[in-house]
Structure formats: structure tokens, C-alpha cells
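Visitor: I am new to this structure and would like to learn how to read it. Could you take me through it step by step?

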Amino acid sequence: MGIVLPVLPGSPVIAGALVAWAVATRSTSAWVVTGVGLVLLACGWSATYLLTGRRVASSGVPRSSIVVAAMAGVVGFFVLPVLGLLVFFPAGLFAMEYRRLRDPARAWASAWHAVKATALGMLIELGLALLAAGAWLIAVLSGVGA
């Protein structure tokens, strides 16, 4: 949940749990599973920032617009729990782009491109985090560390 609703950073929490599990089980197999999980998490986290950053930069959306939109999303998360992030982030982004471009159609197109890029990055990170958690689940069900 921390990947989609960034209250707790999802990938680092999963990484910490994997390492704690490997330390607690003191098993070579557990460390192998943890290593695989950490690689998956690192790839997902990197993809989120690199892919999203490149796609947003290629659309011409300045970093300041993304920062203000992210702050609006965090405020929105507390004003309107869960849905506020999904409403306030795009609204903040549109407002910043409208301020910059002074054309509602161009501002919406620019903001929508950045929202799609951000969603794609989160989807990739979520998928890889689920793979890492799935690797742990398979290991536990297979008796690793028991």
C-alpha cells in the first residue's frame, strides 16, 4: 500500500522486512530469497524515479510543478483520506501548469502526461514489490527458515 498511497514507503518497508526475516531465520536459502527480493525492489524503485523523471522531463513539465503537485497530494491525502491524493495531485499539477502555460488545453495535456508517467512508475514499482513479496511467500510456504 505504501507504493500507491505513500504514507509509508512501500519498497523500503518490504526490504527491511526481508532482511529482518533473513537475519531471524539464519538460513542461506533465506538470504538468497532476500537478495532476489532486494534486487527486484531496487529495480522497481529505480524504475519509478528514472522512468517517471525522464517521461515528465520529456513533456516539458518543470520539477517545481511536480513538487507542488506532490505537496498538494499529501495535503489531499489528509483532507480527503485515500481519495485526496488521487484528486489533489492532478489538480495541483494542472494548477501549476496553467499558471505556467496560461492555456487550459495545453496545461491539461501537460498535466495528464505527467500523471500518466507517474502512474506508470508506481505500477512498475508495485509489480516488482509484489514479485519480491511473492518470492518471500513461496519461500515461507516451501519451508525456508522453518
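Guide: A residue is buried when its relative accessible area is under 20%, exposed when over 50%, and partly exposed in between, using a 1.4 Å probe and counting protein chains only. Please keep in mind that this is a predicted model, where local features need pLDDT of at least 70 and side-chain atom pairs count only at pLDDT 80 or more, while totals for chains, interfaces and linings use all residues. Residues are numbered from 1 along each chain as its sequence is written, and side-chain values use heavy atoms, with hydrogens and water left out.

Visitor: Is Glu 97 buried or exposed?

Guide: Glu 97 counts as buried because its relative accessibility is 0%. Arg 100, with a relative accessible area of 38%, is partly exposed.

Visitor: Which residue forms a salt bridge with Glu 97?

Guide: The general idea comes first. Side chains of opposite charge can pair when their charged atoms come close. A salt bridge here is a side-chain nitrogen of Lys or Arg within 4 Å of a carboxyl oxygen of Asp or Glu. Glu 97 pairs with Arg 100 in this way, and their closest N and O atoms are 2.6 Å apart. About one helical turn separates Glu 97 and Arg 100, because they are three residues apart in helix H4. By this rule, the count is one salt bridge.

Visitor: How many helices and strands does the chain have?

Guide: Both are DSSP runs numbered from the N terminus: helices are H or I with at least four residues, strands are E with at least two. This chain has five helices and zero strands. Its radius of gyration is 19 Å, well over the 15 Å that the globule rule gives for 146 residues, so the chain is more spread out than a compact globule. That radius is taken over C-alpha atoms, and the rule is 2.2 Å times the number of residues to the power 0.38. Along the principal axes, the C-alpha atoms fill a box of roughly 60 × 30 × 20 Å. Of the 146 residues, 34% count as buried.

Visitor: What span should H4 have?

Guide: The expected span is 1.5 Å times one less than the number of residues. For the 19 residues of H4 that gives 27 Å, and its end C-alpha atoms are 27 Å apart, which agrees. Buried residues of H4 include Gly 84, Phe 89 and Met 96. H3 and helix H5 (104-141) are among what covers the buried residues of H4, where contact means heavy atoms within 4.5 Å. After H4 comes Arg 102, with a positive phi near 60°.

Visitor: Which residues make the nonpolar surface patch?

Guide: Patch residues have over 30% relative accessible area and no salt bridge; like charges are joined within 9 Å, and nonpolar side chains (Val, Leu, Ile, Met, Phe, Trp, Tyr) within 5 Å. Areas come from the Shrake-Rupley method with a 1.4 Å probe, and for residues only the protein chains shown count as cover. Here Val 75, Val 79, Leu 80, Val 82, Leu 83, Leu 86 and Val 87 make a patch of about 620 Å². Helix H3 (63-79) and helix H4 (83-101) each give two or more residues to the patch, and H4 gives the most, with three. Leu 80 lies in the loop between H3 and H4 and is partly exposed at 39% relative accessibility.
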